[in-house]
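Thanks for coming, everyone. Please have the sequence and the model open as I talk.

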Amino acid sequence: MIRIPNKLERVRDVDLTPKELIDFESRIKEQYETGNIPSPIHLSKNNEGELIQIFEYIDKDDWVFCSWRNHYHALLHGIPEDKLYNDIMDGRSMSTNSKEHNFYASSIVGGIIPLAVGTALGAKMKFSDKKVWCFIGDMTFETGIFYEAYKYVKNFDLPLQFVVEDNNLSVHTPTDIAWNRKEISVPDDVVYYKYENGYPHHGTGMWVNF
Amino acid sequence: MRYKDELIRSMEWLGKKENTMFIGQAMSYSGHTISSTLEKVPVEKKYELPVLEELQMGMSTGLALEGYVPITCYPRFDFFILTLNQTINHLDKMQVMSNGEMKPRVIIRVAVGAKEPLNGGVQHTQNHTDAIRSMLTEINLVVLDEPEQIFEEFQKAYERDDSKSTILVEYSKHYGK
């Protein structure tokens with residue numbers, strides 16, 4: 001299930017297929033289970049279609065901010081597969097960042113939100129066409145920093161688009177139980193999709209001896 | 001040479017740079033000691049924010065990623081510590097986390113509140129310099145004890161080749177000297 005606000009315009013075709021994304025994560029899974037990756041990994045699965053659809057709205061020059069689970073986002077934003085693969089093998093799965101590709105991922109819940117607001121303000125002040133996309137999970141969506149930032153972005157009409165990726169989990173804690181939430185109320189101008197992740201929060205579900 | 005005059009001179013110099021902006025609460029309005037040092041900064045360079053310390057620091061880093069050099073102002077150390085997530089987890093780690101590709105330069109002004117002639121109390125007068133310094137890995141931290149240091153340190157913060165960010169700690173109690 002995906003909801004994209006009508007105001008957004010599709011800007012490009014995405015040349016990656018769901019299978020290519022899944023195959024990439026499978027390669028990483030294999031390397032991790034072999035003990036070749038010296039850091040935690042956070043793999044994606046089951047949201048390939050939604051992300052491909054969303055990235056059709058994201059220009060390659062736009063900024064993308066996202067979380068620790070970022071391999072799909074990095075590939076879809078144009079970070080070359082080899083570079084991403086090498087970064088992950090070097091232990092940088094959680095920070096596959098690239099200035100060249102305007103891509104920043106952080107492992108602190110909500111930490112990217114203020115950065116995205118400032119980047120959007122900078123782009124607006126320079127009269128740039130660049131937009132800023134900020135991908136957050138459903139637990140991050142419930143934090144105070146999101147509401148502070150959302151209000152600021154809206155009031156100042158900053159070129160920042162929030163995307164809520166809802167797997168109803170924070171690590172392994174169900175968000176709806178932790179918040180005693182009956183339903184999630186994502187504003188209409190925020191991109192939203194719901195999915196069930198095919199991997200555990202980190203790792204692959206298999207014990208690895210390093 | 002007076003402490004406050006040197007701060008004003010430094011801000012005037014920074015205000016003439018094309019890519020700088022002054023960000024925080026009470027930038028365009030009176031409100032605290034730092035506000036009073038921005039009198040020679042062009043009004044279009046001042047960006048007034050609500051009270052949102054952590055968001056302010058992240059916004060400053062984001063602005064730096066877009067090529068600006070923000071001078072981000074915190075009138076009391078007690079307020080600055082609300083920024084620690086953005087300061088320590090992000091700005092201070094960004095060069096490492098981007099394999100050296102991202103080098104946001106932010107100039108951070110933090111004032112230690114005065115105890116005389118009015119004592120602002122325990123929530124307005126703390127000096128957390130040593131604690132903050134112990135947490136930093138990339139950001140440079142300078143304590144402005146003497147007026148002679150001030151212009152040189154702000155100049156260095158703006159021009160340093162490694163593009164590191166700098167926290168400049170100042171003392172409100174020196175403003176009258």
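A:Asp157 is exposed, at 60% relative accessibility. Exposed means over 50% relative accessible area, buried means under 20%, and partly exposed is in between, with a 1.4 Å probe and protein chains only. The phi of A:Asp157 is near 50°, which is positive, and the residue is not glycine. Most residues other than glycine have a negative phi, and most peptide bonds are trans. A:Asp157 sits in the loop between helix H7 (144–155) and strand S5 (160–166) of chain A. Helices (H or I, at least four residues) and strands (E, at least two) are DSSP runs, numbered from the N terminus.

A quick word on the source. This is a predicted model, where local features need pLDDT of at least 70, side-chain atom pairs count only at pLDDT 80 or more, and totals for chains, interfaces and linings use all residues. Residues are numbered from 1 along each chain as its sequence is written, chains are lettered from A and ligands numbered from 1 in written order, and side-chain values use heavy atoms, leaving out hydrogens and water.

Now chain B. Is B:Ser163 buried or exposed? B:Ser163 is buried, with a relative accessible area of 12%. Its phi is near 60°, a positive value in a residue other than glycine. Look for B:Ser163 in the loop between helix H7 (147–159) and strand S6 (166–171) of chain B.

Next, a peptide bond. B:Glu116 and B:Pro117 are joined by a cis peptide bond, with omega about 0°. B:Pro117 lies in the loop between strand S4 (107–112) and helix H6 (129–135) of chain B.

On to a helix. H2 of chain B covers residues 53–65, and its 13 residues should span 18 Å at 1.5 Å a residue. The expected span is 1.5 Å times one less than the number of residues. The end C-alpha atoms of H2(B) are 19 Å apart, which agrees. How many of the residues of H2(B) are buried? The count is 13 of 13. Just after H2(B), B:Gly67 takes a positive phi of about 100°.

Last, a strand. In a regular strand the side chains alternate between the two faces of the sheet. Take strand S2 of chain A, residues 63–66. A:Trp63 and A:Phe65 are on one side, A:Val64 and A:Cys66 are on the other, and all are buried. S2(A) pairs with strand S4 (residues 132–137) of chain A in the parallel sense, over 3 bridges. Two strands pair if DSSP finds at least two bridges between them. A:Phe65 stands opposite A:Cys134 in S4(A). S2(A) also pairs in the parallel sense with strand S3 (residues 103–105) of chain A, over 3 bridges. There, A:Val64 has A:Phe103 as its bridge partner.
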